[in-house]
Amino acid sequence: MGAAVSVHDPRKSAKVTLKAVFLLSAVLTIVFLVSFVFSEQGISELQRSRKHVQSLQEEIARLETENLRLRREIQSLRTSTFVVERIAREDLGMSKEGEIVYLLPPGSEQ
């Protein structure tokens, strides 16, 4: 009798192992996705995140509008002495030389 010949092909077993790993990873991915989509926590967390993103976008829009208003006010203050004088009179109680300022008691304005 002759020597036993091995018919084991290492390339074939590597392909089988690779297919098994691919199949296992695909099954695990599907299980993970199904559990995420159908779990209460996954859906509620997604909705909560969307609401948070929306509120942040609204806040950004509000702040951009406020920034634009402040830029315009700064530009006005830089170019107009009228605005500076109004602030000096109304907020700081100042007056020009020679002006007479009448202060009314609080609550007497009509």
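Reader: Which side chains meet in a salt bridge at 2.7 Å, N to O?

Author: Those of Glu66 and Arg69. The general idea first: side chains of opposite charge can pair when their charged atoms come close. A salt bridge here is a side-chain nitrogen of Lys or Arg within 4 Å of a carboxyl oxygen of Asp or Glu. Before we go on, this is a predicted model, where local features need pLDDT of at least 70, side-chain atom pairs count only at pLDDT 80 or more, and totals for chains, interfaces and linings use all residues. Residues are numbered from 1 along each chain as its sequence is written, and side-chain values use heavy atoms, with hydrogens and water left out.

Reader: Where do Glu66 and Arg69 lie?

Author: Both are in helix α2 (residues 40–79), 3 residues apart, about one turn of the helix. Helices are DSSP runs of H or I with at least four residues, strands are runs of E with at least two, and both are numbered from the N terminus. The chain has 3 helices and 0 strands, in the order α-α-α from the N terminus on.

Reader: Are Glu66 and Arg69 buried, partly exposed or exposed?

Author: Buried means under 20% relative accessible area, exposed over 50%, and partly exposed in between (1.4 Å probe, protein chains only). Glu66 is partly exposed at 31%, and Arg69 is partly exposed at 40%. Over the chain, buried residues make up 3% of the 110 residues.

Reader: How many salt bridges does a search of the whole structure find?

Author: There are 8. One of them joins Glu85 to Lys96, with the closest N and O atoms 3.5 Å apart. Glu85 lies in helix α3 (residues 81–90) and Lys96 in the segment after α3, so this pair ties together parts 11 residues apart in sequence. Glu90 is exposed, with 57% relative accessible area, while Arg86 is partly exposed at 35%. Salt bridges that share partners also join Glu85, Arg89, Lys96 and Glu99 into one network.

Reader: Which residues make the nonpolar surface patch?

Author: Such a patch joins nonpolar side chains (Val, Leu, Ile, Met, Phe, Trp, Tyr) within 5 Å, using residues with over 30% relative accessible area and no salt bridge. Here Ile30, Phe32, Leu33, Val34, Phe36, Val37 and Phe38 make a patch of about 740 Å². Val37, in helix α1 (residues 10–38), is partly exposed at 43%.

Notes. Patch = residues over 30% accessible without salt bridge, like charges linked within 9 Å, V, L, I, M, F, W, Y side chains within 5 Å. Areas by Shrake-Rupley, 256 points an atom, 1.4 Å probe, with all protein chains shown as cover.
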